[in-house]
Amino acid sequence: MLTSLDRKLVRDLTQRLGQVTMIALVVSAGVATFINSRTMLFSLENTRAAFYERHNFAHVFATLKRAPDALAERLAEIPGVQRLETRIVEAVNLDVPGLDQPAVGQIISLPVNRRPLVNQIYLRRGRWLAPGRSDEVLVIEKFVQENKLDLGDKVTAIINGRRKDLQIVGVVLSPEFVFQMKPGDMVPDAKHFGVFWMDHEALSMAFDMEGAFNHAAATLMRGASEADVIQRFDQLIDPYGGTGAYGRRDQLSHLLLESDIQGLRSTGLIAPTIFLGVAAFLLNVVLARLLSLQRDQIAALKAFGYSNFAIGWHYLKFVLLIVIVGSILGSFMGARLGYIFTEMIARVYQYPELLIQVRPSVIASAVSVAGGASILGALGAVVRAVRVPPAEAMRPEPPSSYGPTILERLGFGRFLPAVARMVLRHLERRPVKTSVSILAIGLSIGIVVVGNFIEDAIDFVLHTQFHRVQQYDMAVTSVEPLSTDVAYELANMPGVMQAQPMRTVSTRIRSGHRTRRVGLTGLPTGGDLQRLIDHHGSVYPMPPGGLVVSRKLADVLRIEVGDVLRVEVLEDKRPVLELPVVSLLDDVQGLNAYISLDELNRAMMQGPRASGVLLTVDPAKRTEVYHALKQIPKLAGVTVKDNAIESFKNTLAKNLGEMKKINLFFAIVIAVGVVYNGAQISLSERSRELATLRVIGFTRGEISAILLGELGTMTLIAIPFGIIMGYWFSAFLALFMDQEVFRFPLIIERSTFGMAVSVVLAASVVSGLIVRRELDHLDLIAVLKSRE
Amino acid sequence: MVSLARPKVSATHLVRVRQKALACNNAIMSRTATAVPPPILGETVFAARGVTKTYHMGEVDVHALRGIDMELFAGEFVVLLGPSGSGKSTLLNILGGLDVPSAGSVHYRDKELTNFDDAGLTQYRRNHVGFVFQFYNLIPSLTARENVALITDIAKNPMDPAEALALVDMTHRLDHFPAQLSGGEQQRVAIARAVAKRPDVLLCDEPTGALDVHTGILVLDAIQKINSELGTTTAVITHNAVIAEMADRVISMSDGRIHGVQVNKTKRTASELEW
């Protein structure tokens, strides 16, 4: 049964349907982004945890050259190790049916007749390997999908220099390759990088590794120290060409997943906070206006014997109804977005299934945060209004006090027309409300800017990386370091225009107690195919005389140009070098160090060697070059630059596009919410003033100028603030994303600012026009008779 | 009553019409009040013929005006007297171009107001009419001077805002905001705002309704001064019969009709009034 007061509530709400709807939308945006971001986070965490758990994903990994199987027992005995598995991991060149370009793969051995103890794989389709079959493989799902392969199809691999046909008998997933990316790549390219599992015996024979292994992985007991285990691992594997054991945080797939999850964890609540803050502000101003309009009604209610609490509760119900509507809408939206976004982000991942769950607890916290913020926003206005004694409330509110604005006090008053003074004085009289409105409009500009910034930054990164740094078309890597003559051989291949050798060795770089594992790349001095880029964005070839390292590596190691680093090479004769840093590199991915190829080879105490060759190719003869490369033994991989660009466009770019749309939508919700409500309240506060002006001869256009002038002024002031906020948001985000895995340069195109400003201006104009229409229905006569 | 409505009426013709009408009115008055000779009056400013106004309030029709014939002459001070609901405000709103009649015609000089569209009425209010309201309706964010300047900025041949405020004795409070002024002072600023454009008519709707006697008299004094010094045709609505003693003519209304017009032989000044 509705009480009369409740009926009043419903009518108050329906009378302000436009405003109430806008606020409910802002609340719903807050609730939706909260639920969306938490759902994504928890779903990705749960999915990963479940997959890792069920498939015994290792905690510690070690790569070495070749160790006898007997070493496995000693590794397994290391205190803290729970389960250990040794295996053979080899890189191979692939010839995939239907694929012109060369592809590369990693072949991993699977124990015969049992499941591996760690890093177990999940069989999606087909069957496990039949014992003793040396031509059967299990293949990772993405590679199969991307190349449109199927069970029973054959892929040719160049194993130890020999071509071998491998038949796909099962399609699998692995916790080690949830994010399937070739080391050194910028973007996942599953089409040209496959992971295969093969019978251990067959693989050991093919690579002459009988009775030996080159890779170990172990899970740890609860409470075991990873650092201790790694240290003991290193002691044992060092003599066997170990390149240093590492934990999950250096495992490529895990590292990339973690960086996505970390991003959600740290930045996920920024958007909901903004929305709920704006909603609280809007509720405050709308309610304050309602209460001031109903001042005499409150007085009458009090006179009839309603308590302060009853009246306060009545108005809080006004707020709560809006929050409830916004929350219901937001919960549905959030749950839906949670599914869409989790699936979208997970498009690049490979899990047996995504465990997406919209937790009731997440919805509950979203709704309570929304309710709490809204009540906080409204409470001040309600308390102020109910406190007024009834007799005082019966009298009209005293006329609002105004004073000259700061502009006038500074002596600029005479340049201002009367209308401008009205607008400015009105704005200055409520500095908090005006500032928050400006802030909120600015925020919506900021949101659009930051949404586009990511795209700008990635465009910049891609342009820099693919068009300025990488001047080659293909990078060819070899299994073993080869004589640099290979480069000349390749250079003489038909279709190849330029060839430049390079070499990468794994190292551990130290400065004091700080240390990082880094691939040290040797480039020919003055070589032009792979250039370096500094923080001014200028590119230059490799200089002689020392190391060029990533700026991030310098940050991590706390070093500067001129400092000397200790570089422990983890290959061959394992020399330890002391090298000065000659320059810093503003690259965007990973921690990198470069040195001149000659110096590297001298330091390795070897003649001219290369582990890879960079090529530029005559576009017309690409296919021939691909074909020729497929025939060359001992090549571990070919990376084609165009494939990377295309793969990027198919994955990340799509996701970014979707996110941009959502961002834009939310920014418009805020801008319209703030401007529309501001205009409505302005109209309500000033309808009498505006009607008076109409009566004494002002035209509709002239009074619109006053009403819209106020909004226009706020919007115009908000624009520079919004641009600055957008810049700082982006800077903040760039700082947040300044990770060892990937970094965003702070690049914001002018067009981004332009678009953000236009979107918000358009939203303001539309809101203004809607309210402007109401001006035409001002009751000129009523205003003469009424007092406010 | 003789019907004198014409589609187009020239100014000279109106003067004759006016004399006839006056004679007619006097004839009626002679039955209800003491007959007095008319004062020396100028040409006709307003002529209303058969004006009715019906408001549709939901299901009910409210007849605010039930056939009004009247004139206002240049330079005169008229009081529209009547109880609330008698239709006097509706009539004033129609004369001021704020409202349109349901039937009948209203002429302002040689123009028919009833033919004006919204933009035309706005221009009419802007250039010819000065309004004074019961609740002053000043713009709170503008000072006294600026409230007046609001009008002088858009009028064709305005006086200086300070000059207008001097007319109402507000020279000492030029730069005060409404919140810093008393009710009487606010109303005087409102009068200055109304007259600064040198309007042809000054229409005042219960100008003293919200004021005490003392300040009310100051306000009426200001209005009277405007009327006598500038010669602005002035119509004041009131339900206070005492105020009628200031007028050249008093038009009494009740129930949407004019039931009497009285010509005051001797006008009293505002300061002589008491209520």
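This report describes selected strands of chain A and the fold of chain B in a predicted model.

## Basis of the description

Residues are numbered from 1 along each chain as its sequence is written, while chains are lettered from A and ligands numbered from 1 in the order in which they are written. Because the model is predicted, local features need pLDDT of at least 70 and side-chain atom pairs count only at pLDDT 80 or more, whereas totals for chains, interfaces and linings use all residues.

## Strand β21 of chain A

Strand β21 (residues 609-617) of chain A has eight of its nine residues buried, so it is largely enclosed by the rest of the structure; buried means that 20 or more other C-beta atoms, placed from the backbone, lie within 10 Å of a residue's own. Strands here are DSSP runs of E of at least two residues, and helices runs of H or I of at least four, numbered from the N terminus.

Strand β13 (residues 496-511) of chain A pairs with β21(A) in the antiparallel sense over six bridges, pairing requiring at least two DSSP bridges between two strands. A:Met502 has A:Gly612 in β21(A) as its bridge partner.

Chain B contains seven helices and ten strands, and 51% of its 275 residues are buried.

Six strands of chain B form an open sheet with mixed pairing, in the order β6-β7-β8-β3-β9-β10. Its edge strands, each pairing on one side only, are β6 (129-132) and β10 (257-263) of chain B. Within the sheet, β3 (residues 77-81) and β8 (residues 233-238) of chain B pair in the parallel sense over five bridges, and B:Leu81 has B:Thr238 in β8(B) as its bridge partner.

Terms used: Buried ≥ 20, exposed ≤ 12 C-beta atoms within 10 Å, placed from the backbone.
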